[in-house]
Amino acid sequence: MATWRPDPSFYPSPRMAAKAPRETIAYVAAFDPDRQRPDAIAVVDVDPTSTSYSQIVGQVDMPNVGDELHHFGWNACSSCLCPNAPHPHVERRYLVVPGLRSSRLHIIDTKPDPKNPQIVRVIDPAEIAEKANYSRLHTIHCGPEGIYVNALADRDGNAPGGIFLLDHDSFDVLGQWEMDRGPQKLAYDFWWHLGHDTMITSEWGTPDTFENGLVPDVLLGSKYGRKLHFWDLHKRKHLQEIDFGEEHQLVFELRPAHDPTKAYGFVGCVISLKDLSASIWTWYRDGDQWAVKKVIEIPAEPADPDLLPPVLKGFNAVAPLVTDIDLSMDDRFLYVSCWGTGDMIQYDVSDPLAPKETGRVRIGGIVSRATHPKASNGALNGGPQMVEISRDGKRVYFTNSLYGAIDPQFYPDGIDGWMVKLDVGDNGGISFDENFFVDWPKGHRPHQVRLEGGDCSSDSYCYP
């Protein structure tokens, strides 16, 4: 919907976005791993002056069961101010919420009552298959000229996965984004450097290799995603592929620098087949090509095999399992979720090729089961997973479930959902907000968090 003035939550630069008002609510995807009840978008009160702080204060249920809500995003954001395709009069109003398993897209209106959002349109998988030839919808990004959606498979559940666009006024499916995909087959995450006309995509696998859980033979055979792909964003053409090598599996979450003059970013690798370690890599320009460098390695921790799930017993160690990362708006701090060990680690990445650890907390974990001051049930399961940062960089929120079919492979006793918040020191360092702990209602598990007005993984910028 058009407005006379640019949406006040749009900012031309990350520097200006960091001065935005504090968020008061968060939207959280919640799914039923048993696929017996509808998934939902929950509304969490994150205003510390509120009497309902740290509580779920609203919810909108999906009209079907079995969607597996995963990642979601806004219809429009600060990229609408970009000079190459300006749409300054579109407003940040609708959440675009895909079902990873169902391939449905839900359009949810947050404007009339932000704590009581309403579904205004559901785009069926058949329409997406007909117009874009894709299924298994994963990530949403609001771009300068439309809404970008990536999918992990074609309409039949096979490779290649890829990206398609929605019109950000009508939400009509426009069609496949790629004009020349080159060697790219697998898909997972995507994002871009708007200032350098570059798209980056990463890899997971086809649905037959993850919808019923990770397949050991596929993992040990190094057949999950291990590559980054670089594209000409304007020409929609594949330019370069970087293979991390057979040792590295599940090259997942992409976080480019917010400053559009910077041509670097970070990606997490979930696991090494050599020693179960996880790693963070920096991509950067090297002459007229893109290059990557491993800049962080997080080792596995020795553990009593009696405390390990069957998938890890033979290794006598718990893998860190870096399953999400996020970068603060000023490009200074990188947050790394270690879903296996239970650590959330903060790194100073002012020098993107030489990060320094500046903070660490532990909660949950396969072996640790570390608790929270406000938790009433003692040992916690699950671990830091989907992480989101406030625009001013002072608050970090995260949840504890990865994916319905994979959760029991590493947490066979089940996962009781929770959401927590960290406070960030001015020069680094993180600590729990002892008054913020959402004990998630049974029957749902929480996944991605989106903050009111935008956050550090929702918007991109064209001005430094």
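Which residues form one aromatic cluster? In this predicted model, where local features need pLDDT of at least 70, side-chain atom pairs count only at pLDDT 80 or more, and totals for chains, interfaces and linings use all residues, the cluster is formed by Y188, W204, F210, F252 and Y403. Residues are numbered from 1 along each chain as its sequence is written, and side-chain values use heavy atoms, with hydrogens and water left out.

A pair of aromatic rings is described by the distance of the centres and the angle of the planes. Here rings of Phe, Tyr and Trp (its six-membered ring) pair if their centres lie within 6.5 Å, and planes under 30 degrees apart count as stacked, over 60 as edge-to-face and the rest as tilted. The count by this rule comes to 21 aromatic pairs. One of them joins F210 and Y403, whose ring centres are 6.0 Å apart and whose planes stand at 75°, so this pair is edge-to-face. It links distant parts of the chain, since F210 sits in the loop between β13 (198-201) and α3 (216-220) while Y403 sits in the loop between β27 (395-399) and α5 (407-410), 193 residues apart; helices (H or I, at least four residues) and strands (E, at least two) are DSSP runs, numbered from the N terminus. F210 is buried, with a relative accessible area of 0%, and Y403 is buried at 1%, where buried means under 20% relative accessible area, exposed over 50%, and partly exposed in between (1.4 Å probe, protein chains only).

F398 and W418 also form an edge-to-face pair, at 6.2 Å centre to centre and with 70° between the planes. Because F398 lies in strand β27 and W418 in strand β28 (residues 418-424), this pair ties together parts that are 20 residues apart in sequence.

Turning to charged side chains, a salt bridge is a side-chain nitrogen of Lys or Arg within 4 Å of a carboxyl oxygen of Asp or Glu, and the count by this rule comes to 31 salt bridges. Among them, E91 and K111 meet at 3.1 Å, N to O; E91 is buried, with a relative accessible area of 5%, whereas K111 counts as partly exposed at 45%. Another salt bridge joins K421 to D433, with the closest N and O atoms 2.9 Å apart. K421 lies in strand β28 and D433 in strand β29 (residues 430-439), so the pair ties together parts that are 12 residues apart in sequence. Salt bridges that share partners also join D189, E253, R255, D324 and D326 into one network.
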